[in-house]
Amino acid sequence: MKSKKIFGMQIPENVENISVVCSAARECARARGFSQEDVQTFCLVVEEALTNSIEMGFGDTENEVDITIYNITSGLGVKIDSVCLPLEPEKLPQYNFQRVSQYNDTTGLSYHLMKNMSDSFRVSISEDGARELYFEKYIPEQKVKDAVQRKRTLRVATEHTKRFAVPEDAEKISRLVLRSHDAVLFGESIYYPDMVKEMLAEKRMVSVVAEAECGELIAHFALLKDISGDRVEELTYVVSDKNFKSRDTTKLPAILIEDAKRRGVYAIQSYVVTNHIYAQKGCLADGFSENALYLALNTASRHKQNEESSLHRIGNLGLVRYLGARESAPLFLPPRHREMILDIYAHMGVEPVVAEKTAESDSMRGCSQIVTDVEFKEGWMLIVVKEYGPDTFSHLKSEFYKAVVQGIPSIQLGLPLANAMTLEMCSEFESMGFFFAGVSSGYNSSENLMLQYLNGVEPGFESIHTFSDFAKKLKAYVHQCWEERAV
């Protein structure tokens, strides 16, 4: 349709500014000839669209939402440009009126209202989180407005039981994650019921849920296979529903740990956001210890952006909990980081055997074993060496440069500490701009040295909040390594 811009405005990413735009939208609709009822409907859609854009955005008042209102042949069109979590709305759990009355679950209500109160509606999202929301309201047509109003959330006291999740729980799990959305973007799979169902059915994810007396799921814990090792798993997708109040819903379920032990898992890794300390407290209470600090690892929402940075990123503390015996092979510690690595193990209650580099080594005579994991939407790549070979260095450099060209903001590299070649590899990659992150559990019950590289983003140390004294020490050391990195 032929269109012409009649109004444009940029507002800070703050819901308090929505009323200003709605006033302008009301005047545009009146001037265009809308009936009084359609003027009100048009303003409601504008308000809902702006609210949704800001709530799914990054919460930095220095960021702006761009609103444009157009004259089109049969009415008005509105385009809203913002930066938000890169989630596809049609794949998310949809609004369900019955769940509103039963559980006060308004998941999907924003999209439901916008689609039903407008005559044409679309959302497009790029991988970097840039979103364009566009809708049209026509003069001739009269749409029935949804009578459902947003309800004020009241916390419901309840008892609960913890049990293993089954594929039939997929829809409820995705709804729970969306309801509990706080300040970090999880891997996108957990937001889409079809993907959750597939992961549970194929046992790629082992989950425990807390089920309230009413049958609603109010907490979720999951273990996923970690590429670092075949007996290492990651604790993730940990959420609880703030609509409900029930004792110990945020405590790691014992049945999940016992099942992991039965399956032969020797270490559980966890990556906890550093823009607040609550998750850190919970992880420490559940028996985990800090072993690494990864900068700018995740896309974040409601997070203050660094002025120099073009992306919204938050750091993560790496933590580990050992369930079984570690490999007893001696560890080759890079001299520069030897003291800090020993401090990390002492903090975890581990006393490793430290090796000295020998003049000759069989380390490079076998075949390389390198695994890579990448998440473009989250903006990170993890490269882990399981075994060294003659082509290891060239392979690693190739993966690294590929990630840089692709614009991946955060790149992590894991090198096996039980192999003497790690001493040389650490120096080579630090000369390319990598710097210390910490250690992590690895292949065949071993340990990895973790290095990291930031590609075009700032580390954001001012937004990294640490709870324990040791986490503060680790942050200071990583900060020092960042300042001294090769550039």
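**Close-up views of a predicted model**

**View 1. Ser440 in strand β18.** Ser440 is buried, with 3% of relative accessible area. In this predicted model, the residue belongs to strand β18, which covers residues 435–441. Leaving aside neighbours within four places in sequence, the contacts of Ser440 include Gln269, Asn291 and Tyr294. Ser446, Glu447, Asn448 and Met450 are also in contact with Ser440.

**View 2. Arg155 in the loop between β5 and β6.** Arg155 sits in the loop that joins β5 (130–138) to β6 (156–157). Is Arg155 buried or exposed? Its relative accessibility is 54%, so Arg155 counts as exposed, the cut-off for that class being over 50%. Arg155 and Phe244 are 89 residues apart along the chain, yet 4.8 Å separates their C-alpha atoms. Phe244 is also one of the residues that Arg155 touches, when residues up to four places away in sequence are not counted. Lys242, Asn243 and Lys245 are touched by Arg155 as well.

**View 3. Packing of helix α9 on helix α12.** Helix α9 is formed by residues 338–347 and helix α12 by residues 469–483. The axes of the two helices are 12 Å apart, and the packing angle is about 160°. Angles over 145 degrees count as roughly antiparallel, and α9 and α12 are therefore roughly antiparallel to each other. The crossing of α9 past α12 is left-handed. On the α9 side, the residues that meet α12 are Met340, Asp343, Ile344 and His347. On the α12 side, they are Phe470, Lys473, Leu474 and Tyr477. Sorted by class, this contact of α9 with α12 comprises five nonpolar residues, two charged residues and one polar residue.

**View 4. Cysteines without disulfides.** How many disulfides does a search of the whole structure find? The search returns zero. For Cys28, the closest cysteine sulfur is that of Cys43, at 9.2 Å. This is too far for a bond, because a disulfide requires a pair of cysteine sulfur atoms within 2.5 Å. Cys28 has a relative accessible area of 12% and is buried, since buried means under 20%. Cys367, by contrast, counts as exposed, at 67% relative accessibility.

Key. Residues numbered from 1 in each chain as written. Predicted model: local features only at pLDDT ≥ 70, side-chain atom pairs only at ≥ 80, totals over all residues. Heavy atoms only, no water. Buried < 20%, exposed > 50% of the residue type's maximum accessible area, 1.4 Å probe, protein only. Axes fitted to C-alpha atoms, helices over the stretch in contact; angles between N-to-C directions. Helix = DSSP H or I, 4+ residues; strand = E, 2+ residues; numbered from the N terminus. Parallel < 35°, antiparallel > 145°, perpendicular 65-115°, else oblique. Left-handed = near helix turned anticlockwise from the far one by under 90°. Contact = heavy atoms within 4.5 Å. Nonpolar A, V, L, I, M, F, W, Y, C, P; charged D, E, K, R; others polar.
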